[in-house]
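Please keep the sequence and the model in view while reading the points below.

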Amino acid sequence: LLAEASRILPELRDSFDLPEPGPIGAEGGRLRFFEGIAALLDSAAYEQPVCLVLDDMHLASASTLDLVAYLTGRLHSSPVLILLLHRDDVDGPQRLTLARSMDAGEESASLTLQLGPLPPDAVRQLVESIVLPRDVAGQLDIDRVAEAAAGNPLRAIELARRALNGELPPATPIPLRDILWSRLQKASPSQRRVFFAAALLQRRC
């Protein structure tokens, strides 16, 4: 089962001598892959509770949603919290599919929370938490940085870090894709392998 999990966690092969997994398109291959991921999470949760965070689920493929539905039913008795994040403007069929994925399994329980942009005061506090420890608050326009974040915490963090490097906030919000790409360039080779494997997940399921 670890061999199946190594499809999206290739660093497992650095610690274990694993055989090559069979073709995922073969009979039973997809189920073995799902069970491999579930078994890995179940084993980790035996040591301590696990929180699995899946972002941008509005872009998830049908196979990815099937995996989430399988994990929800398979791990209903394990201390595993599955957190799905998606935009609130997804269409009706996609929203219904997401809801079914979260409600899979007889004993599963799901809770939906709708989050809006962070209020201006909260964004300012977030920016200050990054800037103030550097003792450069007087040299930066914190209000301008906070305003440019447009209520997005990830954007606020990135703008604050760029401001510390002398970059002024742009006139228009920085696309989140550019922020994530910038961080990917700074990741280690092992981390990049995980990111690329996750990006290809929907093509391989």
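**Briefing on the chain and its contacts**

Tyr70 has a relative accessibility of 24% and therefore counts as partly exposed, since that class lies between the limits of 20% and 50%. The model described here is a predicted one. The points that follow treat the chain as a whole, then the aromatic pair that includes Tyr70, then a packed pair of helices and finally a residue in a loop.

**The chain as a whole**

- The protein chain contains 11 helices and 2 strands.
- Read along the sequence, these elements follow the pattern α-α-α-β-α-β-α-α-α-α-α-α-α.
- Of the 205 residues in the protein chain, 33% are buried.
- The protein chain exposes about 13200 Å², and carbon and sulfur atoms supply 55% of this area.

**The aromatic pair**

- How many aromatic pairs are counted? The count comes to 1 aromatic pair.
- The ring centres of Phe34 and Tyr70 are 5.7 Å apart and the ring planes lie at 50°, so the pair is tilted; planes under 30 degrees apart would count as stacked and planes over 60 as edge-to-face.
- The pair links distant parts of the chain, with Phe34 in helix H3 (residues 29-47) and Tyr70 in helix H4 (residues 62-74), 36 residues apart.
- Is Phe34 buried or exposed? Phe34 counts as buried because its relative accessibility is 5%, and the limit for buried is under 20%.

**The packing of H6 and H8**

- Two packed helices are described by the angle between their axes and the distance between the axes.
- Helix H6 (residues 120-131) and helix H8 (residues 153-164) pack at an angle of about 35°, and their axes are 9 Å apart.
- The crossing in which H6 passes H8 is right-handed.
- On the side of H6, the contact is made by Val123, Leu126, Val127, Ile130 and Val131.
- On the side of H8, the contact is made by Pro153, Ala156, Ile157, Ala160, Arg161 and Leu164.
- The residues of this contact of H6 with H8 comprise 10 nonpolar, no polar and 1 charged.

- Where is Arg134 placed? Arg134 is in the loop between H6 and helix H7 (142-148).
- Arg134 has a relative accessibility of 55% and so counts as exposed, the limit being over 50%.
- Arg134 and Leu164 are 30 residues apart in sequence, while their C-alpha atoms are 8.4 Å apart in space.
- Leu164 is also one of the H8 residues in the contact with H6.

Key: Residues are numbered from 1 along each chain as its sequence is written. This is a predicted model: local features need pLDDT of at least 70, side-chain atom pairs count only at pLDDT 80 or more; totals for chains, interfaces and linings use all residues. Side-chain values use heavy atoms; hydrogens and water are left out. Rings of Phe, Tyr and Trp (its six-membered ring) pair if their centres lie within 6.5 Å; planes under 30 degrees apart count as stacked, over 60 as edge-to-face and the rest as tilted. Helices (H or I, at least four residues) and strands (E, at least two) are DSSP runs, numbered from the N terminus. Buried means under 20% relative accessible area, exposed over 50%, partly exposed in between (1.4 Å probe, protein chains only). Axes are lines fitted to C-alpha atoms, for helices over the stretch in contact, and angles run from 0 to 180 degrees between N-to-C directions. A crossing is left-handed if the near helix is turned anticlockwise from the far one by less than a right angle, and right-handed if clockwise. Contact means heavy atoms within 4.5 Å. Ala, Val, Leu, Ile, Met, Phe, Trp, Tyr, Cys and Pro count as nonpolar, Asp, Glu, Lys and Arg as charged, and the others, Gly among them, as polar. Accessible areas come from the Shrake-Rupley method with a 1.4 Å probe; for residues, only the protein chains shown count as cover.
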